[in-house]
Structure formats: structure tokens, C-alpha cells
Amino acid sequence: MDYTLKEMMTIVAAREIRNSDIVFCGTGISMLAAMAAKNINAPQSVIFFETGAIDSRLEDLPLAVGDSRIMYQTSSNGGLLDSFATMQNRFTRKHIVGILGAAQIDIYGNLNSTVIGDYDEPEVRFSGSGGACDVASFVSRTIIFMKQEKRKFKKRLDYLTSPGYLNGPDGREKAGLPKGGPDRVITDMGIMGFDDHTRQMFLKGYYPGITPELILENMEFKIDTSRAKEVMAPTPDELELLREKCDPLHLIL
Amino acid sequence: MKINGNKVTSLHDAIKAHVKDGCHLSIGGFTINRNPMAAVYEIIRQGIRNLHLYAHSNGQGIDELVGAKTASCLEIAYGGTGRFASTCIRFRKAVEKKQIKIEDYSNYQMTLRFLAGAMGVPFLPTRSSLGTDIIKKWGFPVEFRQKNSRLPDRKLVELENPFGAWCDIKKVVLVPAVNPDVTIIHVQKADFRGNCRIEGLTFADVEQAKAAKILIITCEDLLDDDYLKNMPDRNQIPFIHANAVVHVPYGAYPTACYRYYDYDPIYLKAYAEKAKDDKQYHSYLENTILNKKSHRDLLDSLGRERLEMISADKNRGYAKNLDRRNPVET
């Protein structure tokens, strides 16, 4: 069966979402992954947006988290204060999984979406945190989409926008952050987890046709690959639901 | 300030009266929705300079204000317009070329800063950004802050929980209040005195409106007092905060206005393309904004069909069959 890497990434992320999850998502592939989970494997999961919409019907794919398409048939249309409070709230935050992306990631899952180069003399400026730092600070677990490239998997970030495990197993606690942190990194080659003891990234799986060696060649830092297995390719059912229910107009795929 | 009474005025006069060079300004909306674009274009036309902008993720409006060189300082969480520009282009160029001073916060922090301003307290706490460079790295150096009486001396402050381990929390981050000189929002419905009804998500408009010394409201429908007061539970901003009310149909165009019209994907895509090239961008600025007398004039030049194309379904609130795949300017 033919599928694109984008479809593979979306489905691999969707498989990580459970029926008991409240899913925070941003624009693009993260929104599509949340929609795919709802249509394929986690129909009871709830999608919500930083702009304040919760359980949007999403009849049509939004192109931004401020798109009017997220406002249609929601449980409530609030605002930014409501959505971030829901993530910081000690009861609701435990149910929330955040889906994020970034320009750079390090071995502890810390993210940079602000600048390449020096902060005061940036070579490249990106959008900045938006809600990403808030989500990464507050919620119980995050799934991170990354492109598998050496310049993106960095030994040292140029700027730490959103906290992962900071500098080790007790990094978050020492900094005063709530329990939580990155759970999965999903790239165009494979999927990573974070070790329960060291909180360092390890390779959990590689896509059909990809080897762990190839993944390591596309990272600046080394990770443990001893636990890696081949990831199951998307099934015909998964692909059909993704293509026909989630993005029939190919706005993202 | 007139608390009660009719505050209706023209867009030209509202901007002329309240948005001065060096003014601290915030605009409502989010990325590609309900940005007060007519007001943004009027600010550009009036050649206002040295604005100090406060933004969470007010994408398109902020990018156009920065691109047209109206601003010298920007405190912001996110400069992007979703799929149209994951990083706004004029914003990126201005920061990379150091044409603008920038300070980074997160969306929640900026929202809390407006709320603190609206509440009349100097700061509010959050747990966001502990351990990150958002706390460690400052865009506005201490000396710059100390010299400017309008800025707090510190960007963010970490504080041990003064209530001990109450709520199982050891530490918080304090975010300083923002009180803009002027906030401009675009809403679906307002009345002569400035009562507002926002439909769909409010984003942070209510906090931004109440934090400001001066509030300018532009609206799709300008109504009688009685109309909005008949269903008060749907109104978010009472007139006591308002200073100027301007009737501007399509006042958020080319961004969306829920239940009225969608964003215009043709305009936004063409803008993102032109923004990449300085020459093309300047010709956009000249021809599409500066050479037009008013927002009405800009809309007329696009033609009725463009506005019909983005007209919202009454039920859904957006244009169901809008072609968002390959928008092309004709």
C-alpha cells in the first residue's frame, strides 16, 4: 500500500492518543493527528485549542488555531484565559496531551521555536512561543513532531522556548514545573520515547525502509537504539479514514 | 473622557485623535481572525511612527504594522498566521535586521499581562516558562527598561510560593501588567455608546479592551442601545470602557469575522508571497494601502465577487465552500 511520510507521521501520532485524552493541538499536522485519532482509534478523545474552543465539531479542516472553523459547534467558545487555565488547572491538566512542533530539540526534549543564532543577533527568527511554552510547562505529556535533520536534533539549543525535562530527571521539579514533559517525538523516520530514569530520548521505532543507523546519522547527539523495533505501516483502514474523513481537500497532506 | 453618550465617529478621526507617535498600542483578534484591519490600514495611512506594540498572537495585523514601519518596539508571543506564514515574513525580516526591538513572552503570559492591567494590579503569577530562556534572556536590556518610565524594570520575576507549599507549588513566575494607551478591537456588534457583542471566540479582546486607557471599537453592525441590552448575557464589554465607536463593515478583512465572513485566502497568500520581496512588498504597501482613501476604497478595488466568495454561512459561521487549496490572485 502506498502512503506518504506525512500520512505515516500523522497516523503514528494518532495511535499515541487514547480515549481518555484531552488533546491540545496547534496548526497543521498536529491538528490533523488529533482529528485522525478521533476518527480512527480514539473516538472519545476531546480536541481543544489555545484560543478557547473545546470539543469543536471540525467539519472542515482549520488552517490556523484562530480559524472560524474551530468555533462551530463547540462545548464553549471562551478565550485564551480559559484554555491556558484549563492546562494549568491541577485537575484538568492531568488529562491533557499537547501536540507541539519546533525548529530544534535536544536530548531532554526541550524545544526551540524562537531563534537560530544569538537571541540578540538572530540569524533566523521564528514565530516564538505562542502557546507552546505554556503547554510544555503545564500539561501531563506532550507529543512532538520534528523533521529528522542534524540541524534540528541539537546537542545545545540556540534558545530554550518550551521546557522538556530541562537538564535531567529532576530538572522540572528543581525549576518548579509540574510533573509532565515530553512523551514521544515523531519524525519522518521514526518515533522516540524518553527513558523513565535518565529522561533522555531513546529510539522506540523506525519506519519500514529506515534503519536506526540512518536516524542516528540525522541527529547531532547519540541516543540509545537498543529498544527500537520497526513501526507498523499505516493500515488501509487508517489511511482511508485519514484521507477521506480528515483532509479530503489535501490542505495539509 | 465621556463615559455615557454617543461615541460614534469616523475611523480617520478616531485614529487621529487617539493613536499618536510613540503610543503604546494593542490590537484584538488572533492570527487570521478578527484583527481590526481597517484600523491597522488607517494607522499606516496616517504615517504614525514609533508605536510600542503588545501582542499575543495577533498575526496579520501586527505583521502589517511592523512591515509598514509604524512600530519601534514589540512585546509578543507569536508572529505567525498559521498555514499562510508559519512565521510572519515582515516580522521576521524586521527582527533579523534589528529594525525593531523585541521582547518574547508566551501567549498565556501576554494574556495575563492584559488581565493584570485590566484588574489594576502590578503583576499576576503563572507556572509557565520556569527553566526556560523566556525568563533568562531579555530583549529589552535593563538600562533600556530603567530609562523608559513606561516599562517595568524587569521582564519576568521568579518567586518562591509565599504561602509555603500551598497547592503543592514551590515557585511561580510573575508577569508584569500591561496598560496600553490604546486598544483597538473589531467586533460583530456594538451600539452607539460602545457596548460590545463578540460572537465566537473572544481570544483576549476583553482583557485587552479593559486594560487600555483608550478603547477604540470598530464593528460590523452598529445598533441601538436597546438591541444589545435586550440580550445582555451575550455581551462581553460594557460601554464604560469605550472611547470611540466606528461602523466599519468588513473591518477585519482580509482576516475573518465569525458569522459574517471568512478570511480571504487569496489576499493572505498573495500578501505572504509579496512580503518575501522588499520591492514587491513596497508596491503592495503603496498600491493596496497608501493609495486607497479608506477601507471602503480598498474593498471596492477588490470587487463584489471577492466579498461574496468569503461570505459566511449563517449556520456555520464561515464560508463552507471557500477554495482554500490554491488561492490565486486574478
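In this predicted model, B:His12 is found in helix α1 of chain B, which covers residues 11-18. The relative accessible area of B:His12 is 41%, so the residue counts as partly exposed. Beyond its neighbours within four places in sequence, B:His12 is in contact with B:Glu42 and B:Gln46. Between the C-alpha atoms of B:His12 and B:Ile43 there are 8.7 Å, although 31 residues separate the two along the chain.

**The two domains of chain B**

Chain B has two domains: domain 1 is made up of residues 1-122 + 179-314, and domain 2 of residues 125-176. Their contact involves 19 residues from domain 1 of chain B and 18 residues from domain 2 of chain B. The C-alpha centres of these domains are 28 Å apart.

Between them, the two domains of chain B bury about 1500 Å², and carbon and sulfur atoms account for 56% of that area. On the side of domain 1 of chain B, B:Glu103, B:Tyr105 and B:Gln109 provide 35% of the area buried against domain 2 of chain B, more than any other three residues. B:Glu103 also takes part in a salt bridge with B:Lys155, with an N to O distance of 3.5 Å. The elements of chain B that each supply at least two residues to this side of domain 1 are β2 (51-54), β3 (71-76), β4 (101-104) and α5 (107-119). By class, the residues of this side are eight nonpolar, five polar and six charged.

**The interface of chain A and chain B**

Here 64 residues of chain A are in contact with 66 residues of chain B. A:Arg69, A:Leu81 and A:Arg125 contribute 14% of the area that chain A buries against chain B, more than any other three residues. One salt bridge joins B:Arg316 to A:Glu59, whose closest N and O atoms are 2.4 Å apart. Elements of chain A giving two or more residues to the side that touches chain B are α3 (80-88), β9 (122-125), α4 (132-138) and α5 (171-175). Of these, α3(A) gives the most, with five residues. The side of chain A that touches chain B comprises 29 nonpolar, 20 polar and 15 charged residues.

**The two contacts in figures**

| Contact | Property | Value |
|---|---|---|
| Domain 1 and domain 2 of chain B | Salt bridges | three salt bridges |
| Chain A and chain B | Salt bridges | nine salt bridges |
| Domain 1 and domain 2 of chain B | Polar contacts | ten residue pairs |
| Chain A and chain B | Polar contacts | 39 residue pairs |

Notes: Residues are numbered from 1 along each chain as its sequence is written. Chains are lettered from A and ligands numbered from 1 in the order in which they are written. This is a predicted model: local features need pLDDT of at least 70, side-chain atom pairs count only at pLDDT 80 or more; totals for chains, interfaces and linings use all residues. Side-chain values use heavy atoms; hydrogens and water are left out. Domain bounds come from an automatic or database domain assignment. Contact means heavy atoms within 4.5 Å. Buried area is the accessible area (1.4 Å probe) that two parts lose on being put together, summed over both. A salt bridge is a side-chain nitrogen of Lys or Arg within 4 Å of a carboxyl oxygen of Asp or Glu. A polar contact is a pair of N or O atoms within 3.5 Å; within protein, one must be able to donate a hydrogen and the other to accept it, and residues adjacent in sequence count only if both atoms are side-chain atoms. Helices (H or I, at least four residues) and strands (E, at least two) are DSSP runs, numbered from the N terminus. Ala, Val, Leu, Ile, Met, Phe, Trp, Tyr, Cys and Pro count as nonpolar, Asp, Glu, Lys and Arg as charged, and the others, Gly among them, as polar. Buried means under 20% relative accessible area, exposed over 50%, partly exposed in between (1.4 Å probe, protein chains only).
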